[in-house]
Amino acid sequence: MSLAELVDHVIGVDPDRDRITAAVVCARTQGEIASKSFATTARGYGQAMRWAKDHTTDGRRAWSIESTGSYGAGLASALATRGEFVIEFDHPATRPSKDGAKSDSLDAVRAAREILGRKTWATPRSRGAREGLRTLITARDSAKLARVAAINVLKALVVTAPIDLREELRGRPLMDLVGRCQRLRPDTAIDPEHAATKLSLRSTANRVRHLTDECRELELAMIPLVRAMAPALLDEPGIGVLMAAQILVSWSHPGRCRDEAAFARLGGVAPLEATSGQTQTRHRLSRGGDRQLNRALHTVILARAKHHQPTKEYIARRITEGKTKREAMRCLKRYYARHLFRLLEAAPMTA
């Protein structure tokens with residue numbers, strides 16, 4: 001059943017930083033009824049909802065919103081609170097216009113018209129604990145990148161340091177090197193090169209230490225959120241707090257993925273037939289979906305393949321059946337996605 005059979009009107013929304021542009025489209029004729037822009041504030045969202053009610057039928061309308069994870073997040077959250085039917089409009093299938101014309105109003109109409117022809121659609125990801133996890137992951141990834149950059153600078157400074165300082169610092173384990181550089185005293189050096197190098201080493205080491213502590217603090221903050229959303233997830237072999245957090249952020253909430261096959265496609269582990277000519281029937285994994293979820297699944301499977309005995313036995317059995325190790329790992333990813341989906345859907349959502 002398509003969306004056009006469920007509703008009378010669809011309000012397409014093209015959001016921007018400071019305003020949203022909404023367009024009401026008739027589900028039966030796909031004709032544009034009205035369009036208007038509103039501010040991206042609580043008052044603006046309220047005005048948009050009242051305006052939509054004036055042009056649609058209560059209970060028989062849907063909102064098709066672009067960028068529900070960024071500019072459209074505020075409106076999507078406000079609508080969900082009011083019990084509105086909200087759809088995440090992603091991956092437009094058509095050009096903005098045949099003649100190349102483009103405007104916020106045209107984009108809003110396109111968001112409404114395209115969603116009408118679809119038989120499946122996505123709901124926006126939840127906020128609350130899930131959104132909290134997403135912000136922690138974003139902050140932690142940023143701190144990790146800065147930490148890696150600071151470590152590279154520290155090691156480069158050691159390589160070019162005066163020979164006596166270089167011989168003292170080279171060969172030390174990373175955190176031992178950081179600790180030693182933090183204790184350097186530039187004010188005791190007579191030579192200006194030594195003084196400047198020591199100051200640079202100490203400053204960079206302090207940065208590495210601070211970013212290391214920041215990453216650890218952010219990871220610890222994820223644990224209670226993960227345990228509140230899916231207590232059994234951290235008990236799974238191969239899943240730590242970072243992988244669990246990413247899986248929960250991508251999955252979002254019960255019912256967002258209609259079944260385990262949709263979850264596998266979201267994670268990029270759904271098998272696709274890749275047979276050509278005389279090549280025997282074979283499959284590859286889809287390359288679409290949420291790439292961060294795909295990375296998390298891949299990391300978990302690698303860990304389980306090394307340390308989890310049932311996983312080792314599964315891979316060995318598939319190899320004896322004629323699969324290559326790579327094909328066996330693909331089968332394992334699809335199997336594990338099914339297991340994870342059932343675990344997540346059954347988890348008590350207490351946050």
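A residue is called buried when its relative accessible area is under 20%, exposed when that area is over 50%, and partly exposed in between (1.4 Å probe, protein chains only). The model is predicted, so that local features need pLDDT of at least 70 and side-chain atom pairs count only at pLDDT 80 or more, whereas totals for chains, interfaces and linings use all residues. Residues are numbered from 1 along each chain as its sequence is written, and side-chain values use heavy atoms, with hydrogens and water left out.

Cys215 is buried, with a relative accessible area of 7%, and Cys26 is likewise buried, at 15%. With a disulfide taken as a pair of cysteine sulfur atoms within 2.5 Å, the count comes to 0; for Cys215, the nearest cysteine sulfur belongs to Cys181 and is 19 Å away.

Helices are DSSP runs (H or I, at least four residues), numbered from the N terminus. In helix α8 (residues 241–251), 10 of the 11 residues are buried, among them Met243, Ile247 and Trp251. The cover over these buried residues includes α4, α7 (192–229), α9 (260–266), α10 (291–307) and α12 (325–346). Just after α8, Ser252 takes a positive phi of about 80°.

The axes of α8 and helix α4 (residues 129–159) come within 9 Å and cross at roughly 130°, these axes being lines fitted to C-alpha atoms over the stretch in contact, with angles from 0 to 180 degrees between N-to-C directions. The contact (heavy atoms within 4.5 Å) involves Arg130, Leu133, Arg134, Ile137 and Arg140 of α4, together with Leu242, Ala245, Gln246, Leu248 and Val249 of α8.

Note on methods
Helix = DSSP H or I, 4+ residues; strand = E, 2+ residues; numbered from the N terminus.
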